[in-house]
Amino acid sequence: MKNLYFEKMDRDFREYDKAPKEDRPIFPYNGGKISAYRAWQESERLGEDILIVRELPWEVDSGAADFVLTLIAAGIQDFVVTDSSTALMRMLHKLSACGCRIVGLWKKEATGNEEDWFEYYPAIEGILCTLKEEK
């Protein structure tokens with residue numbers, strides 16, 4: 001899942017890590033942006049053509065809004081939430097308040113090419129969400 005926005009974030013992370021600690025600027029990304037980046041990174045690793053979100057941002061402050069704004073900036077409209085945390089329901093409501101819509105349930109059966117995910121589960125199950133306006 002090639003994406004220029006997230007590829008730039010990836011370069012930013014690498015440059016930040018290379019800089020000596022005393023010369024590092026303030027870290028440029030917050031929790032919502034980092035959650036979106038990690039989802040992209042995992043989706044890229046798995047070879048997915050849709051963003052798979054294993055962990056939504058924490059509930060604090062603007063996490064959901066920053067997550068959604070990051071997806072918009074990256075040009076991503078559809079994503080699958082596979083997060084199963086106890087805060088899932090609250091986060092779905094926060095995402096909805098930020099313009100996300102739940103499309104329905106989503107499932108992908110194991111193909112044998114995946115690495116760790118299917119070690120414990122025969123399929124990825126999630127909730128398909130979109131930022132597209134309803135027609």
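The second largest pocket in this predicted model has a lining of 16 residues. If you want to find its middle, look for Ile-34, Ser-35, Arg-38, Glu-55 and Leu-56, which lie nearest the centre. The space inside comes to about 270 Å³.

The largest share belongs to α2, with 7 residues. Sorted by class, the lining of the second largest pocket looks like this:

| Class | Lining residues |
|---|---|
| nonpolar | 8 residues |
| polar | 4 residues |

Helix α3 covers residues 63-74 and helix α4 covers residues 88-97. Their axes sit 9 Å apart, and the two helices pack at an angle of about 55°. Because of that angle, α3 counts as oblique to α4. As for handedness, the crossing of α3 past α4 is right-handed.

Which residues in α3 and α4 meet? On the α3 side you'll find Ala-64, Phe-67 and Val-68, and they meet Met-91, Lys-94 and Leu-95 of α4. Split by class, the residues of this α3 and α4 contact are 5 nonpolar and 1 charged, with no polar ones.

Key: Residues numbered from 1 in each chain as written. Predicted model: local features only at pLDDT ≥ 70, side-chain atom pairs only at ≥ 80, totals over all residues. Heavy atoms only, no water. Axes fitted to C-alpha atoms, helices over the stretch in contact; angles between N-to-C directions. Helix = DSSP H or I, 4+ residues; strand = E, 2+ residues; numbered from the N terminus. Parallel < 35°, antiparallel > 145°, perpendicular 65-115°, else oblique. Left-handed = near helix turned anticlockwise from the far one by under 90°. Contact = heavy atoms within 4.5 Å. Nonpolar A, V, L, I, M, F, W, Y, C, P; charged D, E, K, R; others polar. 1 Å grid on protein atoms, 1.4 Å probe; cavity = no way out; pocket = protein on both sides within 12 Å on 5 of 7 lines; lining within 4 Å. Points joined across faces, edges and corners; volume = space filled by probe spheres on them.
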